[in-house]
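Subject: Structure handover

Dear colleague,

Here is the structure I said I would pass on. My notes on the helices and salt bridges follow below it.

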Amino acid sequence: FDQKEMRRANVLGPKKLFQVAREGGCRRFVYASSTAVYGNAAVPYTERTPINPLTPYASSKAEFDAFAMRFSRTEG
């Protein structure tokens, strides 16, 4: 795998998509993350389950999750 490409696909591209959607007047956006961000945590996962990415893929998804949460708070 190529970590640079993984970050481009899972972080940079989706960030651009969120920004373009906002600029276009989009008021709602449904984003689904990946259970990979939780690592080996016990199921069921909740909002309180600690993030523990164990792979580059999971790390890239966790990075975008953090962006999406900040985006939601700052952009409404």
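Helix H1 bends by about 35 degrees at Ala9, the bend at a residue being the angle between axes fitted to the seven residues ending there and the seven starting there. Please note that this is a predicted model, in which local features need pLDDT of at least 70 and side-chain atom pairs count only at pLDDT 80 or more, while totals for chains, interfaces and linings use all residues. Residues are numbered from 1 along each chain as its sequence is written, and side-chain values use heavy atoms, with hydrogens and water left out.

Helix H1

Helices are DSSP runs of H or I with at least four residues, numbered from the N terminus. H1 covers residues 3-23, and its 21 residues should span 30 Å at 1.5 Å a residue; the end C-alpha atoms are 29 Å apart, which agrees. The expected span is 1.5 Å times one less than the number of residues.

At the N-terminal end, Asp2 caps H1, with a side-chain oxygen 3.0 Å from the backbone nitrogen of Lys4. After H1 comes Gly25, which has a positive phi, near 95 degrees.

The buried residues of H1 are Met6, Asn10, Val11, Pro14, Phe18 and Ala21. Buried means under 20% relative accessible area, exposed over 50%, and partly exposed in between (1.4 Å probe, protein chains only). Helix H2 (56-75) is included in what covers these residues.

Salt bridges

The whole structure has three salt bridges, each defined as a side-chain nitrogen of Lys or Arg within 4 Å of a carboxyl oxygen of Asp or Glu.

- Arg8 pairs with Glu5, the closest N and O atoms lying 2.5 Å apart. Both residues are in H1, three residues apart, about one turn of the helix. Arg8 counts as partly exposed because its relative accessibility is 44%, and Glu5 does so at 36%.

- Arg7 and Glu63 form a salt bridge at 2.6 Å, N to O. This pair links distant parts of the chain, with Arg7 in H1 and Glu63 in H2, 56 residues apart. Arg7 is partly exposed at a relative accessible area of 33%, as is Glu63 at 30%.

- Glu75 and Arg22 form a salt bridge at 3.3 Å, N to O. Here too the pair links distant parts of the chain: Glu75 is in H2 and Arg22 in H1, 53 residues apart. Glu75 has a relative accessible area of 40% and is therefore partly exposed; Arg22 is partly exposed at 35%.

Regards

Definitions and conventions:
Helices (H or I, at least four residues) and strands (E, at least two) are DSSP runs, numbered from the N terminus. Contact means heavy atoms within 4.5 Å. A polar contact is a pair of N or O atoms within 3.5 Å; within protein, one must be able to donate a hydrogen and the other to accept it, and residues adjacent in sequence count only if both atoms are side-chain atoms.
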